[in-house]
Amino acid sequence: MATERATELRVLRPEEFDGWWDHLVRAFGAGPAPAEERDLDRSLTEYERSLAVWDGSELVGTAGAFRFRMTVPGGAVLPTAGITMVSVAATHRRRGVLTSMMRRQLDDIREWGEPLAALTASEPAIYGRFGYGAATFQLQAEIDTSRVTLDAPAGTGDVRLRYADPAEVLDACEAVYADLVPLRPGMLARQPGWERAGLLDPESERGGASALQCVVAERQGKVTGYARFRTKMGWSQSGHDGTVTLEDLAALDPASDAALWRFLFGIDLMSKLTVRGRPVDDAWQYQVSDIRRCLTRVRDMGYVRLVDVGAALAGRTYQAPVDVVLEVADAFCPWNVGRWRLTGDAKGASCERTTDAAELALSVRELGAAYLGGVSLLSLARAGRVGELRPGALAEASAAFGSPALPWLPHGF
């Protein structure tokens, strides 16, 4: 009987990028990648944090980890490894390639001193066994703008809107985004170079829609918001039937936000607005005349993993005072296993090893899901994922872990 040849896992070399990228594209079943996308990813790839698995001269696995900083409840921005470009050749499934990369990554992330890891999952079933929990969700909608109106708040009429070249106003738009980062858990502080991702606009990827367009909102001469979008003309027997696709929108105040949404609802010859990747608590939902005709739905987006339980839990604040002993299970990172006393409130927190009796029992996956405040420990307990060992501990901890603004991961990586 033939024996399987051992594979080699090592750090990616710059001269290997094209083969690494081609393998990734094939693994995801995509066609040839646009040159603009390849060039951007080449410039963003951190080679010393990227892995490749080889079977002889054949590349059979890829994985990377960007240096990110992510907002956590309370507004702190913590070092976070952005797990990316994970793939295994279809010829090498169920041979431990993915597990070996996940093992190496988490060991490296711990050594780098980054308490958190995050990813967006192509398949949700894959990453739970490595301790990642679904922590952020995104809102999608197909809005019938021919029948739905927007009731904008006072002051919306004072906002000036103007078309602008997306590249020419990039710095102003990035300043708006940066001001919003501390206000919502899950947001990523933009690292140098990542601002270019919002301008990526290969013609082959437009699906017949327009080039990327941008409108900025201004108050007293200052840019207070922006929307990037595309339009696609369409006609039916009853007349115009065009579609607006929103790519990105950010605003510093309710009036600027409403002005941008009202603009998108009212573009001439368009009767549908397609929305993807928005916060679940996006304000426009409470301004529309008919939410049913907006066809909203929610899906998972960001998966979070606590690489260092103590540092991660101490790095955020808590909505209500909490003093609880957590019994943490972690099959993949043994340094997290055991009892941790979490004490904290809205001003700060500590999380230290303890020999005191456990009051809640859960795995690191559930901690990841609840960490940003978008998934309640109470809900996880009802699903059988969290055990209450002291009466009252669950309600106390669940209230403390919440967040006034629901977490949101604004873009993939």
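What is the volume of the second largest pocket? The second largest pocket has a volume of about 620 Å³. The structure is a predicted model, in which local features need pLDDT of at least 70, side-chain atom pairs count only at pLDDT 80 or more, and totals for chains, interfaces and linings use all residues. Residues are numbered from 1 along each chain as its sequence is written, and side-chain values use heavy atoms, with hydrogens and water left out.

**The second largest pocket**

- On a 1 Å grid over the protein atoms alone, a pocket is an open set of points where a 1.4 Å probe fits, with protein on both sides within 12 Å along at least five of seven lines.
- Grid points are joined across faces, edges and corners, and the volume is the space filled by probe spheres set on the points.
- The lining (residues with an atom within 4 Å of a point) is made of 24 residues, and Ser87, Val88, Arg93, Glu123 and Ile126 lie nearest the centre of the pocket.
- At least two lining residues come from each of α1 (17-27), β4 and α3.
- Helices (H or I, at least four residues) and strands (E, at least two) are DSSP runs, numbered from the N terminus.
- The lining has 10 nonpolar, seven polar and seven charged residues.
- In this count Ala, Val, Leu, Ile, Met, Phe, Trp, Tyr, Cys and Pro are nonpolar, Asp, Glu, Lys and Arg are charged, and the others, Gly among them, are polar.

**Helix α3**

- Helix α3 covers residues 97-112, which is 16 residues.
- From first C-alpha to last, α3 reaches 23 Å, close to the 22 Å expected (1.5 Å times one less than the number of residues).
- Val97, Leu98, Met101, Met102, Gln105, Leu106, Asp108 and Ile109 are the buried residues of α3 (buried means under 20% relative accessible area, exposed over 50%, and partly exposed in between, with a 1.4 Å probe and protein chains only).
- These residues are on the same side of α3 because they cover an arc of only 165 degrees around the axis (the arc is that of the directions from the helix axis to the C-beta atoms).
- An α-helix has 3.6 residues a turn, so residues three or four places apart point the same way.
- The cover over the buried residues of α3 includes β1 (8-11), β2 (50-55), β3 (58-71), β4 (77-88), β5 (116-120) and β16 (302-306).

- Ala117 is found in strand β5 and is buried, with a relative accessible area of 0%.
- Ala117 and Leu106 are 11 residues apart along the chain, and their C-alpha atoms are separated by 8.4 Å.
- Not counting residues up to four places away in sequence, Ala117 touches residues including Ile109, Thr80, Tyr132 and Tyr303 (contact means heavy atoms within 4.5 Å).
- Leu59 is found in strand β3 and counts as buried at 11% relative accessibility.
- Leu59 touches Gly19, Trp20, His23, Ala52, Val53 and Trp54, leaving out residues up to four places away in sequence.
- The C-alpha atoms of Leu59 and Gly19 are separated by 7.8 Å, although the two residues are 40 residues apart along the chain.

**Two exposed loop residues**

- Arg94 lies in the loop between β4 and α3, has a positive phi near 60 degrees, and counts as exposed at 74% relative accessibility.
- Gln220 lies in the loop between β9 (213-219) and β10 (222-232), has a positive phi near 55 degrees, and is exposed, with a relative accessible area of 87%.
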